[in-house]
Amino acid sequence: MMHTNPGYQPHSYQGLLTVSKRMQQFMAKVEKVARTNASVLLRGETGTGKEMVARYIHRCSPRGVGAFSAVNCAALSGELMASELFGHKKGAFTGATHDRRGLLELTNGGSLFLDEIAEMPLDIQARLLRVLQDRCFTPLGSSQLMTTDIRLISATHQSLRKRVAEGAFREDLMYRVRVIPMFLPKLVERGEDLSMLIWHFIDRFNAISERRIESIDSKAWNALMSYEWPGNVRELSNVIEYCHAIGDGSVLLFDDLNPDLKGEGPADEQLYFDDENERDQILELLRRYRGRKLEVAQKLGISRATLWRKLKLYGID
Ligand SMILES: Nc1ncnc2c1ncn2[C@@H]1O[C@H](COP(=O)(O)OP(=O)(O)O)[C@@H](O)[C@H]1O
Ligand SMILES: [Mg+2]
């Protein structure tokens, strides 16, 4: 059986596409929150669209015409992050050969996006707290007190409360940054978004290459549908780009998928299934492994969570 594009008409929130009710409710809340000045903390796995949502909040806010700046707290050393945010005077540290204006100054009147905020070093957390409380800061090596008016949008894939318990995050700062906490659902929790986005990315790569994929064969489709997508939408886009580039012709085949999608085990050992015999195959493996689900999942090259969903789907206990 071949799968073809059913012609989805997704809602688009400045490029964030969805057909899922749950996501539409989430985005309605996002639009409401955007109109305020409150600090938003976006929580979600990597690739779920946190940065897209942050930009959308900014665009929909009264500050939308102002600047939007993004800083990845996991990617910068403490010193670099401090100078990036607060700026510095010439000679403030080795290598500071010129004055530099920080993002807090440059983003005045706009929104500052702090990605992976759970990774922010403690000394910078203390300085940031001051900015949020008093709206003022001093650039490194300067004695001049500057004021700034920024709206803070943060993102994390970890629990800030857990980081607080570990002593790695200030509790007072946690309350300041997550006035409005919002949880982005995983891709596999978004109903038909997975199928819709598969076709969306296929269309996108169709448009910019010679190859035109018009259908997906059922083995490939099953693999796409049963995969866990730990990297969420980012991973999906990469996977589609990969198989678009690696294969030929108008059909996306199982062989075109990258190794993650095919499962890890050696090729001949690996079992693949289609809709009809999947239930029988699972039952057979459960018998062979005396009900040890982890081994069954490994044999099938799927996660335990996926196996669990399939057991429920097929009514196997
Ligand atoms: N709902 C969506 N529709 C279209 N593209 C999306 C969607 N969600 C995420 N993306 C794309 O996936 C990639 C990852 O999104 P991003 O916002 O950077 O995720 P995160 O910050 O949570 O890691 C980006 O290229 C983004 O454009
Ligand atoms: Mg990100």
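Student: Which residue stands opposite V251 in β14?

Tutor: S215 does. This is a predicted model, where local features need pLDDT of at least 70, side-chain atom pairs count only at pLDDT 80 or more, and totals for chains, interfaces and linings use all residues. Residues are numbered from 1 along each chain as its sequence is written, chains are lettered from A and ligands numbered from 1 in the order in which they are written, and side-chain values use heavy atoms, with hydrogens and water left out.

Student: How do strands β13 and β14 pair?

Tutor: Start with the terms. Strands (E, at least two residues) and helices (H or I, at least four) are DSSP runs, numbered from the N terminus. Two strands pair if DSSP finds at least two bridges between them. Here, β13 (residues 215-217) and β14 are parallel, over 2 bridges.

Student: In what order do the strands of that open sheet run?

Tutor: The order is β1-β13-β14, 3 strands with mixed pairing. β1 (2-4) and β14 (251-252) are the edge strands, since each pairs on one side only.

Student: Now β8. Which strands pair with β8?

Tutor: β5 (residues 68-72) pairs with β8 in the parallel sense over 5 bridges. β11 (residues 151-156) also pairs with β8 in the parallel sense, over 4 bridges. Follow L114: its bridge partner in β11 is S154, and L114 is itself the bridge partner of V71.

Student: Is β8 mostly covered or uncovered?

Tutor: Buried means under 20% relative accessible area, exposed over 50%, partly exposed in between (1.4 Å probe, protein chains only). In β8 (residues 111-115), 5 of 5 residues are buried.

Student: Which residues of β8 lie on each side?

Tutor: In a regular strand the side chains alternate between the two faces of the sheet. In β8, S111, F113 and D115 are on one side, and L112 and L114 are on the other. Both faces are covered.

Student: How many residues of helix α9 are buried?

Tutor: In α9 (residues 218-226), 7 of the 9 are buried, so the helix is largely enclosed by the rest of the structure. W221, N222 and L224 are among them. Across the chain, buried residues make up 49% of the 317.

Student: What is the volume of the largest pocket?

Tutor: About 490 Å³. Of its 20 lining residues, G47, T48, G49, M52 and V233 are the closest to its centre. A pocket is found on a 1 Å grid over the protein atoms alone: an open set of points with protein on both sides within 12 Å along at least five of seven lines, where lining residues have an atom within 4 Å of a point. Grid points are joined across faces, edges and corners, and the volume is the space filled by probe spheres set on the points.

Student: Which helix gives the most to the lining of the largest pocket?

Tutor: α8, with 4 residues. β3 (16-18), α2 (50-60) and α10 (232-246) are among the elements that each supply at least two.

Student: Where does the largest pocket lie?

Tutor: Domain bounds come from an automatic or database domain assignment. Domain 1 (21-183) and domain 2 (189-313) both give residues to the lining, so the pocket lies between them. The C-alpha centres of the two domains are 37 Å apart. Their contact (heavy atoms within 4.5 Å) takes 6 residues from domain 1 and 8 residues from domain 2.

Methods:
On a 1 Å grid over the protein atoms alone, a cavity is a set of points where a 1.4 Å probe fits but cannot get out, and a pocket is an open set with protein on both sides within 12 Å along at least five of seven lines; lining residues have an atom within 4 Å of a point.
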